[in-house]
Amino acid sequence: MNVVEDLGAKVSYLALAVGTRVYDVDSAPVGVVEHVLTDEPKDIFHGIIVAPSGPDQSHRFAHREQIADLYERGVVLLVPGAEMHEPGEDTPARRAEAAGDDPVQVGLRRAWEWLSRPR
């Protein structure tokens with residue numbers, strides 16, 4: 001890991017705070033955690049929604065299989081930031097419904113539902 005910043009101790013997804021910085025596999029910052037997607041009754045971690053670091057970028061979804069480690073002050077991904085999924089319009093939700101129980105698609109559906117809910 002090439003991140004210069006001290007990320008602190010490893011944490012569980014249950015302790016991951018909103019606003020925690022997210023770094024890609026090359027240690028480049030890609031944004032901050034906006035929401036941790038879980039299925040609490042089943043104790044399943046689906047992934048995180050990442051708020052972009054730039055104003056012209058969109059939210060991204062990092063599936064748990066794309067995440068290397070969770071720390072107190074940072075999330076380190078296994079992939080470049082460009083490879084994170086982009087929950088957009090209705091496409092991920094439709095694909096998730098068609099895919100059934102595929103874990104990535106379930107996570108994308110949850111990400112889309114969270115992003116599109118009324119606030």
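Accessible area is taken here from the Shrake-Rupley method with a 1.4 Å probe. On that basis the protein, a predicted model, exposes about 6700 Å², and carbon and sulfur atoms supply 49% of this area. Of its 119 residues, 41% count as buried.

The secondary structure consists of six strands and two helices, which follow one another along the sequence as β-β-β-β-β-β-α-α. Among contacts in the protein with a separation of 6 or more, 47% join residues 24 or more positions apart.

The mean pLDDT of the protein is 80, and 80% of its residues reach 70 or more. The table gives the elements with the lowest and highest mean pLDDT.

| Element | Residues | Mean pLDDT |
|---|---|---|
| Helix α1 | 91-99 | 46, the lowest |
| Strand β6 | 74-77 | 96, the highest |

Over residues 89-97 the pLDDT is below 50, and this stretch has eleven contacts in the model beyond near neighbours in sequence.

Nonpolar side chains tend to be buried together in soluble globular proteins. In this model the largest nonpolar core has 16 residues, and V22, I48, I67, V75 and L77 have the most contacts inside it. Strands β2 (29-39), β3 (44-52), β5 (67-71) and β6 each supply at least two residues of this core. Leaving aside neighbours within four places in sequence, L77 is in contact with V22, Y23, D24, V25, V30, A62, Q66, I67, A68 and M84. Another core, of eight residues, lies apart from the largest one; I49, A111, W114 and L115 are among its members.

Conventions
Residues numbered from 1 in each chain as written. Heavy atoms only, no water. Helix = DSSP H or I, 4+ residues; strand = E, 2+ residues; numbered from the N terminus. Buried < 20%, exposed > 50% of the residue type's maximum accessible area, 1.4 Å probe, protein only. Contact = heavy atoms within 4.5 Å. pLDDT = per-residue confidence, 0-100. Core = buried A, V, L, I, M, F, W, Y, C linked by side-chain atoms within 4.5 Å.
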